[in-house]
Amino acid sequence: MTKPSLPELLHTAVTAVGGVERPGQVTMAEAVAQAIDDGSHLLVQAGTGTGKSLGYLVPALAHGERVVVATATLALQRQLVERDLPRTVDALHPQLRRRPEFAMLKGRSNYLCLHRLHEGVPQEEEDGLFDPFEAAAPTSKLGQDLLRLRDWSDDTETGDRDDLTPGVSDRAWAQVSVTSRECLGASKCAYGAECFAEAARERAKLADVVVTNHALLAIDAIEGAPVLPQHEVLIVDEAHELVSRVTGVATGELTPGQVNRAVRRAAKLVDEKVADQLQTAAEGFERLMELALPGRLEEIPEDLGYALMALRDAARTVISALGSTRDKSVQDEDAVRKQAMASVENVHAVAERITQGSEYDVVWYERHDRFGASLRVAPLSVSGLLREKLFAERSVVLTSATLKLGGDFNGVGASLGLPPEGTVGTEDEDVPVWKGLDVGSPFDYPKQGILYVARHLTAPGREGSRGDMMDELAELVEAAGGRTLGLFSSMRAAQAAAEELRGRLDKPILLQGEDTLGELIKNFASDPDTCLFGTLSLWQGVDVPGPNCQLVVMDRIPFPRPDDPLMSARQKAVEEAGGNGFMAVAATHAALLMAQGAGRLVRATGDRGVVAVLDPRLATARYGSYLRASLPDFWYTTDRNQVRRSLAAIDAAAKAATEKAGDAKSGDERADETRAADV
């Protein structure tokens, strides 16, 4: 039997999932297959509607090596494991003459811990002995969640939090889950043989395709202890998110509450003198944090340095004591010890990291209205880490609808640790070989969308209201008949716009934070008159094809805040190395977000609409052309009258289509009634 060709396999898979084969999808599949065969790396931009999941799954399955697919969102993980992979494997089985296995793998804290569930959480000293299931009244929300979790534990096959519907609060889940540091280990745990997290790992070891998330991929790379099974191919979907997820995993934090928790947990297991040393260090740190002002610490102040050294040394002493003492009077001693060790080790690690003062780290204070001050440390760049850990021993494919910024892939490539495209290594230096590929989009962007820049408005400043921007926004929403997704650079700006337009227009204005994101998007998608305003998660998380989202408004270019310690440090580092820090950091950040935001408009071949940017700098500033080149190729205008006429025409067409559909439906209903009367 001859080996089936890749186009044949792709056609079979696309038919099986009920999709439509796209030229870009075929091009992508062939490029992925080539990269896997060569052991090289590929950055592939595939616009919405290309069918990129099958564009990488089919060549990966055909190759036969183990593949890890890492995604950023739960929605895509579910789509892969519950829809795309089962159908594709079933469809390709006869041609491949084998049935590839697949599995989902997440971090340990995503799985229900049976030890925690049955033995309870090791409690803090002031809480006393306490079974959360008994102490949380069944009438309270926490109590109801915990009882439901106990019932669910008997039915679930996976123990995966995301399989619990409806979900529970973070507080409730924390009662029944552990981090990898808190876990007793399967061999020491009474429930090890039934452990959901261990079962997921075992399934992953046997699977041909392992679907995971960016965070677990980052942990696997950073911590050195392998979490993922050995694999020959890595596919990173939603790859535009990878750098921020890796940065998040590599960021350390110290807060007074966290340090005090470590003190309380350790005090049960070590002698009083050792515990008092950590308590004294914690009190000194807390006093300093009460006075902390937000901002970057380019040098560690002397008093903070002393406080951190005291914390580090006291934590080290406690760790030694925890490892060498036993106390049988402590109920469930192993679990209590593990939890205490995890807390104290974290305090020690962060305090030592900041004390050592690496030139590659950025340290800053943050202050939160509700949680108070925290001390944070993050890598200045994760590019070196990614270059060393990600691209060394496997073929890597990175894909997203937005990877090509300003016309090429080099900006995103640099953030991932890749040299400029086409760079060839030398005998002394082995550089990752990679190629960038844009397979386009099935959408006709110039005919389906308009990019409108409100050039006549005043440029946004750091403070103050933008009265002319509010007038422009109200007029655009009115012309569009609602149907508006408002993407704002801050929550304050979104709230101000919602308040203003609720007073001006007779249109429902939904605001992020006033309900769950899922409910807000569902309500927005169900009513054409409705507008939805919000900030960061809406720039990337809204998928509303059809006439109910025909105007996407961005209030301003989403540059990072000038006082963002990490972004400003990264920008400064590029400038000190002789580069253009603004373009490399701020403009790249803005371009990525704007490309994602503009991508909310056209989600299907029949969609029509306008992306309106209410920031004249997109038309007038030197960097404007770079940002515009990062957006879909919409028809471009700064003519305010033209865009109002276009929106009114799009609104009228949508209303006419709705009425026509309604007439057709009512005609069908009349016919049904006539048939029923005849019977």
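This is a predicted model: local features need pLDDT of at least 70, side-chain atom pairs count only at pLDDT 80 or more; totals for chains, interfaces and linings use all residues.
I started with helix H12 (residues 256-267) and helix H13 (residues 272-290), which pack at an angle of about 170° with their axes 9 Å apart. That angle makes H12 roughly antiparallel to H13; the cut-offs are under 35 degrees for roughly parallel, over 145 for roughly antiparallel, 65 to 115 for roughly perpendicular, and oblique for the rest. From H12, the contact uses Pro 256, Val 259, Asn 260, Val 263 and Ala 267. From H13 come Ala 275, Leu 278, Gln 279, Ala 282, Phe 285, Glu 286 and Met 289. I sorted the residues of this contact into 9 nonpolar, 2 polar and 1 charged.

Residues are numbered from 1 along each chain as its sequence is written, and side-chain values use heavy atoms, with hydrogens and water left out.

Terms I had to look up:
- Contact means heavy atoms within 4.5 Å.
- Axes are lines fitted to C-alpha atoms, for helices over the stretch in contact, and angles run from 0 to 180 degrees between N-to-C directions.
- Helices (H or I, at least four residues) and strands (E, at least two) are DSSP runs, numbered from the N terminus.
- Ala, Val, Leu, Ile, Met, Phe, Trp, Tyr, Cys and Pro count as nonpolar, Asp, Glu, Lys and Arg as charged, and the others, Gly among them, as polar.

Next I looked at helix H1 (residues 6-16) and helix H2 (residues 23-38), which pack at about 125° with axes 10 Å apart. This makes H1 oblique to H2. Leu 6, Pro 7, Leu 10 and Val 14 of H1 meet Gln 25, Val 26, Ala 29, Glu 30 and Ala 33 of H2.

Is Pro 59 buried or exposed? It sits in helix H3 (residues 52-63), and at 3% relative accessibility it counts as buried (buried is under 20% relative accessible area, exposed over 50%, partly exposed in between, with a 1.4 Å probe and protein chains only). Leaving out residues up to four places away in sequence, Pro 59 touches Leu 6, Ala 29, Val 32, Ala 33, Ile 36 and Leu 54.

Then I went to strand S17 (residues 609-613), where 5 of the 5 residues are buried, so the rest of the structure largely encloses it. I checked both faces: Gly 609, Val 611 and Val 613 are on one side, Val 610 and Ala 612 on the other. Strand S12 (residues 449-453) runs parallel to S17 and is joined to it by 5 bridges; Ile 450 has Val 610 as its bridge partner. Strand S16 (residues 551-554) also pairs with S17 in the parallel sense, over 4 bridges, and Val 552 partners Val 611. (Two strands pair if DSSP finds at least two bridges between them.)

Last, I traced an open sheet of 4 strands, in the order S6-S9-S8-S7, with antiparallel pairing. Strand S6 (252-254) and strand S7 (295-296) stand at the edges with a single partner strand each, so one side of each has no neighbour in the sheet. Strand S8 (residues 361-368) and strand S9 (residues 372-379) run antiparallel, joined by 8 bridges. In that pair, Asp 361 has Pro 379 of S9 as its bridge partner. Helix H15 (residues 333-356) lies across S6, S8 and S9, at about 105° to S6.
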